[in-house]
Amino acid sequence: MADKVSITPRVFLARHGQTEWTKSGRYTGTTEMNLTDVGRQQVLGTSRVVVGTGNLIDPAKLGQVLVSPRNRAQQTFDLLFGEAQAKALTVENKVKTANELAEWNYGAYEGLLTSEILARRRDQGLDQWNIWEDGCENGEYEGTSS
C-alpha cells in the first residue's frame, strides 16, 4: 500500500479509540478519559494494518507527529506505533504534543448526552441545538477554539 517513490507530503489523522463516554455517546472534551479494552483493541487492529515499514504510515518516512494532550490521544499514539517506535520518534524530536488538537471545551454540556442537552435547552426556553451555531454553554463555540 505504500508509495515508495512519492514525494508528495501527506497528512494522516487518527482518532482515539473508544472510551466509556464515546461508547455511551457522551460529549467528551476536557475530561480525561482512558481507552477501554475495546478502544485499545481498535487502535492495535488499525496499527497492524496501517503502521510499519512498507505500510501506509511508515514511521521512517514521518516528518512530524502531532498528538493531542488528552490521555486518550496519548494512549492511541503509544498503541498505534508501539513502545519502541513511539520512543524512537520521540527521541528523533518528531513528536509534539499540540494543545491545538485538544477537543473542544463543552462547558456545561461536558459528559452529557445529546438528549440531555436538548432537554436542558428546552428548560431554558431555547429551541434545538446546533453546536456550530449555538456553541456550548460556558464552553466553546465556532471561532473561539484554539
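Predicted model: local features only at pLDDT ≥ 70, side-chain atom pairs only at ≥ 80, totals over all residues.

The C-alpha atoms fill a box of roughly 60 × 30 × 25 Å along the principal axes. Of the 146 residues in the chain, 33% are buried, and the accessible surface comes to about 9300 Å², of which carbon and sulfur atoms account for 51%. Among contacts between residues at least 6 apart in sequence, 67% join residues at least 24 apart.

**Aromatic pairs**

The structure holds 5 aromatic pairs. One of them joins Tyr27 and Trp129, whose ring centres lie 5.4 Å apart with their planes at 75°, and the pair is therefore edge-to-face, the cut-off for that class being over 60 degrees. Tyr27 sits in the loop between α1 (20-24) and α2 (37-50), while Trp129 sits in the loop between α4 (114-123) and α5 (131-134), so this pair ties together parts that are 102 residues apart in sequence. Another pair is that of Phe77 and Phe81, with ring centres 5.3 Å apart and planes at 50°, so the arrangement is tilted. These two phenylalanines are 4 residues apart in helix α3 (residues 71-91), which means that about one helical turn separates them.

| Residue | Relative accessible area | Class |
|---|---|---|
| Tyr109 | 1% | buried |
| Phe77 | 7% | buried |
| Phe81 | 11% | buried |
| Trp129 | 12% | buried |

Tyr27, Tyr106, Tyr109 and Trp129 form one aromatic cluster. Within it, Tyr109 is placed in the loop between β2 (95-97) and α4. When neighbours within four places in sequence are left aside, Tyr109 is in contact with Tyr27, Ile117, Arg120, Arg121, Trp129, Gly135, Cys136 and Glu137. Tyr109 and Arg26 are 83 residues apart in sequence, yet their C-alpha atoms are 9.0 Å apart in space.

In soluble globular proteins, nonpolar side chains tend to be buried together. The largest nonpolar core of this model has 14 residues, and those with the most contacts inside it are Val51, Ile57, Leu62, Val65, Phe77, Phe81 and Leu89. The elements giving two or more residues to this core are α2, β1 (65-67) and α3, and α3 gives the most, with 6 residues.

A second, separate core has 10 residues, including Trp104, Ile117, Leu118 and Cys136. Two of these residues, Ile117 and Cys136, are also among the contacts of Tyr109.

Note on methods:
Residues numbered from 1 in each chain as written. Heavy atoms only, no water. Phe/Tyr/Trp six-rings, centres within 6.5 Å; stacked < 30°, edge-to-face > 60°. Buried < 20%, exposed > 50% of the residue type's maximum accessible area, 1.4 Å probe, protein only. Contact = heavy atoms within 4.5 Å. Areas by Shrake-Rupley, 256 points an atom, 1.4 Å probe, with all protein chains shown as cover. Core = buried A, V, L, I, M, F, W, Y, C linked by side-chain atoms within 4.5 Å.
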